[in-house]
Amino acid sequence: MEQRHLGRTGLRVSRIGLGTLTWGRDTDEHDAAEQLKAFWDAGGTLVDTADVYGGGEAEYLLGRLMERLVPRQDLVLSTKAGSVPDPDRRTDGSRGHLLAALDASLARLGTDHVDLWQLHAFDPHTPLEESLQALDIAVRSGRARYAGVSNFCGWQLAKAGTWQLAGDRTRLAGAQLEYSLLQRGVEREVLPAAMDLGIGLLPSSPLGRGVLTGKYRGGTPTDSRGASETMAPFVEPYLDDAASRIVDAVATAADGLATTPLHVALAWVRDRPGVTAPIVGARTARQLTATLSVEALSLPDEICRALDDVSAPVHRYPDHDWSTL
């Protein structure tokens, strides 16, 4: 699998990353092991997790698998901290919480460092510079090699990236946000800020929460996320008429290229300007292997333009440069 630099840094990662959102919850140890082995065999290196995935079970499971299945040095480990299971305060970006969370992550993962440590979300109740100081401490102490953020909007990312560059601080290497043909909101301000600051984008849900695979065109499969009580609200926003038109266009492109809608949708986001590596998840190793076979596909320019047109978001003042309006 092709390797790419994460932003303007020396860190190289596979251009497809493996997500572990469901590990320890819907994905058991046997299935997780098969997925990790298939990913590694395909040349994948970037494995993404978070301290709240499965209540910590995803990190614990990943740590056990590295111990006996895949060498730690062959993987680029990325985890996140700051998201908390508190309905009154969904994020805690305080320095104390973040550093304690990192130590707990390292213990579950069974390693002395992660390759990329990210703030899971912006905390409006904590000064941003305090949260960013935790990233600096983590890198300087050797507990993290690189740092990034997740789910920051445009002004938050611009402020954080500029603050880090303004002094002797750890530059932000990556930003993880949802990005797909069904969710192109990052193109308004986040992506321009990231590209200007040299921050690599790591798209989550690159398949539109599974909708872009076309599996929902004839209804909701009983074994899909859309049929799950816990995940149905996650999928539902992308089952409207506007999304259906985009899914139909992806399916048409796939037919013309003799490939699958999954591959078309994933290749589109993988090769967008500013993108380093989409993060994909799968229920089974067989699904993951089929997904990773996208490596051989590059979309023709005319297909990209057609998909751009059918999925184009509304960008008006002040999202675009004033002189172009």
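Arginine 72 and aspartate 115 join their side chains in a salt bridge, with N to O at 3.1 Å; the term denotes a side-chain nitrogen of Lys or Arg within 4 Å of a carboxyl oxygen of Asp or Glu. This pair links distant parts of the chain, 43 residues apart: arginine 72 sits in the loop between α2 and β5 (76-81), and aspartate 115 in strand β6 (residues 114-119). Helices (H or I, at least four residues) and strands (E, at least two) are DSSP runs, numbered from the N terminus. Both arginine 72 and aspartate 115 are buried, where buried means under 20% relative accessible area, exposed over 50%, and partly exposed in between (1.4 Å probe, protein chains only).

The model is predicted, so local features need pLDDT of at least 70 and side-chain atom pairs pLDDT 80 or more, while totals for chains, interfaces and linings use all residues. Residues are numbered from 1 along each chain as its sequence is written, and side-chain values use heavy atoms, without hydrogens and water.

Let us turn to a second pair. Glutamate 29 forms a salt bridge with arginine 64, their closest N and O atoms being 2.5 Å apart. Because glutamate 29 belongs to helix α1 (residues 29-41) and arginine 64 to helix α2 (residues 57-68), the pair ties together parts 35 residues apart in sequence. Arginine 64 is partly exposed at 28%, as is glutamate 29 at 27%.

A further salt bridge joins arginine 25 and aspartate 26 at 3.3 Å, N to O. Aspartate 26 counts as exposed, with 51% relative accessibility, whereas arginine 25 is partly exposed at 44%.

Finally, the structure holds 21 salt bridges. A network of them links Glu2, Arg4, Arg15, Arg270, Asp271 and Glu295.
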